[in-house]
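Here is a quick tour to read alongside the coordinates. Have the viewer open and follow the topics one by one.

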Amino acid sequence: MTLHQIKELLQAEVIYGNHCLDIEITFAGGSDLMSDVLAFGKPGILLLTGLTNLQSVRTADIIEAKAIIYVRGKKPDAQTIKFAREKNIPILSTPLMMYEACGLLYQAGLPGVGSLNQSTTSDE
Amino acid sequence: MNRQDEFIQTFTIWGRDFSRAGSVSTEIKEILQEIGVPSSIVRRVAIASYEAEMNVVMYAHKGELILTLNPETIKIEVEDKGQGIEDIELAMQEGYSTATEEMREMGFGAGMGLPNIKKNADVFIITSTPGVGTYLKMLFYLDNEKAK
Ligand SMILES: Nc1ncnc2c1ncn2[C@@H]1O[C@H](COP(=O)(O)OP(=O)(O)OP(=O)(O)O)[C@@H](O)[C@H]1O
Ligand SMILES: [Mg+2]
């Protein structure tokens, strides 16, 4: 699924990264706890979170997330957007709640990180 | 102790400074990427260093992170001045946290930081003196045989 398709599905607004909406997303995970994200995150993940502070982008950068979707219509501040630009991590904001956003993506066939442990993707 | 083939860099971490919190780990990640450390190792170092850095920001006044690189290992030491940890065994348990409501609102306080460090480092040592501070040492082997 491309980031553009995800944007449409979640009626999301692109805050940064209009030029990279054609990137392919293969799995996603959602949490508001940064240590959880650091524990379960795998390179290439699409991160859904309700946290919009600078650490949300730092965490995404550290786990090599492909993009961030902020839920519940939240938007980060200017410093955070600037950092996302520096790190070239696309960030989007959806009015949907976490549960609904994740549910829609899962229904559309986007798996979670758990599926990576058993199936196709090679282990680190 | 100084070796010819060793690179050492020291970084300062400030307690309560959330706008810079994490920047040391971002910098370390960039250094390791630049010198061509395999990405799976860079990732483990970055996660462990970030968790350690955030703990200094949240629970200490000031800390120092020392990165030591040689052809065999990446060593990260984090020493802080702060409240220290009374019961390390308890602090190491998944889910144990003394994070305040304010820290939780910022996305911290899952009680997963120290367990995450232990999981990602090849060697992890933590010592602490309550009322004085905490010392962490992590080693990551570049040699595939020994690495996780
Ligand atoms: N450098 C430190 N100085 C003083 N206390 C610490 C330090 N690091 C950790 N602690 C104590 O150990 C507890 C557990 O730390 P850990 O990093 O595992 O979880 P956390 O920081 O509470 O939450 P998370 O890391 O998941 O955001 C902390 O809540 C704190 O009480
Ligand atoms: Mg922590």
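In this predicted model, strands β4(B) and β5 (residues 133-141) of chain B run antiparallel and are joined by seven bridges. Within this pair, B:V123 stands opposite B:L139 of β5(B).

**The sheet of chain B**
- β4 and β5 belong to an open sheet of five strands in chain B, with the order β1-β2-β3-β5-β4 and antiparallel pairing.
- At the edges sit β1 (7-14) and β4 (123-129) of chain B, each of which pairs on one side only.
- From one strand to the next, the twist averages 10°.
- Helix α5 (residues 113-120) of chain B lies across β4 and β5 of that chain, and runs at about 145° to β4(B).

**Where chains A and B meet**
- The contact involves 24 residues of chain A and 27 residues of chain B.
- Together the two chains bury about 2,000 Å², with 50% of it on carbon and sulfur atoms.
- On the chain A side, 30% of the buried area comes from A:Q55, A:R58 and A:I62, more than from any other three residues.

**Polar and charged links**
- There are 13 residue pairs in polar contact between chain A and chain B, counting pairs with both residues at pLDDT 80 or more.
- Three salt bridges are counted between the two chains.
- In a salt bridge, the side chains of A:K87 and B:E30 meet at 2.4 Å, N to O.

**What chain A brings**
- α2 (34-40), α3 (54-62) and α4 (78-87) of chain A are the elements that give two or more residues to the side touching chain B.
- α3(A) gives the most to that side, with six residues.
- By type, the residues on this side of chain A divide into ten nonpolar, six polar and eight charged.

Terms used. Residues numbered from 1 in each chain as written. Chains lettered and ligands numbered in written order. Predicted model: local features only at pLDDT ≥ 70, side-chain atom pairs only at ≥ 80, totals over all residues. Heavy atoms only, no water. Contact = heavy atoms within 4.5 Å. Buried area = accessible area lost by both parts, 1.4 Å probe. Salt bridge = Lys/Arg side-chain N within 4 Å of Asp/Glu carboxyl O. Polar contact = N/O pair within 3.5 Å; in protein donor to acceptor, adjacent residues only side chain to side chain. Helix = DSSP H or I, 4+ residues; strand = E, 2+ residues; numbered from the N terminus. Nonpolar A, V, L, I, M, F, W, Y, C, P; charged D, E, K, R; others polar. Pairing = 2+ DSSP bridges. Axes fitted to C-alpha atoms, helices over the stretch in contact; angles between N-to-C directions.
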